[in-house]
Amino acid sequence: MRVNEAVEIVNGKLAATPSISAFNGVATKIAEVKRGCLFIAKDPSEIDGAIALGAYGVVYDKYAQMVDGEIAWIRVDSIQDAMIRLVRYQFLRDNIEVFYVSAIEYAIASQIITDTTIGFFDDGLEEILSFMSKQVGLRSVVIKDEALLSLVLEYTQAVIPQELPFKVLVATLFDTKINYKLSHYTLKLPSLFLPELGSVIEMCVAHHIAFDLGRFCAIPYMCPYFINAHAHLVPYGQTDCVVVAEENIELYKKYAAYIASQAKWGKLVLLLPRGYGEVFDGIAPSEIYDSKDMLKELLMAKDYNFALIFGISEAELLEILMIPHHEPTLMVF
């Protein structure tokens with residue numbers, strides 16, 4: 001990238017006439033600075049370090065002392081805006097297509113897509129320039145964060161199909177067997193998410209993206225944990241007592257409605273933090289907890305087949321299930 005081209009891309013002004021004429025890359029982190037790169041100074045205190053490492057130019061929006069008159073000093077009104085402009089330039093220059101998908105679709109796609117020309121980006125604006133600079137032979141990027149759509153001028157959004165592109169052989173609450181193109185697949189995927197699986201498959205087929213359903217393992221949504229009477233973990237499927245945790249209220253509502261409608265034979269209990277009881281009235285019986293410490297006792301005390309906990313992460317649930325249970329000891333006299 002030539003100096004005058006970079007100045008135009010970031011909508012900046014050249015503070016002095018440099019002796020260099022071009023850059024061989026862009027860096028937004030001091031650890032990624034290489035000789036000849038253009039450094040985006042989000043933190044002005046890193047400028048001296050970037051120059052010492054060989055940066056040929058600095059983009060800045062706050063006062064900076066020009067300690068080296070031979071490199072390019074490019075003043076902009078906003079570093080944020082400059083980074084957005086650079087990202088757009090890279091997408092347009094390399095003709096990279098962007099696919100926008102939901103969080104569920106992203107989790108599925110990242111497991112089954114085998115095409116090495118497809119990249120997955122799940123971070124913020126400050127990371128995407130670093131991400132792009134490390135990719136070789138990239139033709140498409142899959143994103144799930146709506147905020148990132150402001151970085152691109154055009155994108156393709158995954159669409160839930162009216163008809164699933166596969167045949168469902170068996171569908172249970174947490175597992176599904178399907179037939180796709182004469183092959184059978186057993187997936188640890190609740191049938192609740194089959195529409196998202198269908199949208200990912202159709203996106204791949206329509207855009208000639210290589211994928212393999214045999215690579216699917218599981219996604220971090222609606223993960224069932226089977227427990228015994230002491231609320232301890234047991235191997236998958238070995239009891240009729242299942243616990244699921246979720247922090248997102250919209251997903252939680254979907255899980256509750258799904259279990260209530262698909263497992264009418266079982267007893268569902270909703271474990272909710274104080275203040276959320278009325279939100280779920282009528283779906284299933286609920287119990288209120290004031291702290292995570294209460295959850296272990298509630299899981300041990302209640303009669304249920306499915307306990308759906310709102311307000312904690314999967315990692316927090318695992319911590320609760322790992323708490324040892326001590327039986328009361330009878331004293332012998």
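## Close-up views of a predicted model

**View 1. The buried residues of helix H4.** Ile104, Glu105, Tyr106, Ala107, Ile108, Ala109, Gln111 and Ile112 are the buried residues of H4 (buried: under 20% relative accessible area, 1.4 Å probe, protein chains only). Helices (H or I, at least four residues) and strands (E, at least two) are DSSP runs, numbered from the N terminus.

This is a predicted model: local features need pLDDT of at least 70, side-chain atom pairs count only at pLDDT 80 or more, and totals for chains, interfaces and linings use all residues. Residues are numbered from 1 along each chain as its sequence is written, and side-chain values use heavy atoms, without hydrogens and water.

**View 2. An open sheet of 5 strands.** The order is S13-S14-S17-S15-S16, with mixed pairing (strands pair if DSSP finds at least two bridges between them). Strand S13 (225-226) and strand S16 (286-289) stand at the edges; each has a single partner strand, so one side of each lacks a neighbour in the sheet.

**View 3. Strands S15 and S16.** Strand S15 (residues 268-273) and S16 run parallel, joined by 4 bridges. Leu270 has Ser286 in S16 as its bridge partner.

**View 4. The lining of the largest cavity.** Which residues line the largest cavity? They are Phe91, Val98, Ile128, Ile143, Leu148, Leu151 and Val152 (lining residues have an atom within 4 Å of a point on a 1 Å grid where a 1.4 Å probe fits but cannot get out).

Terms used: On a 1 Å grid over the protein atoms alone, a cavity is a set of points where a 1.4 Å probe fits but cannot get out, and a pocket is an open set with protein on both sides within 12 Å along at least five of seven lines; lining residues have an atom within 4 Å of a point. Buried means under 20% relative accessible area, exposed over 50%, partly exposed in between (1.4 Å probe, protein chains only).
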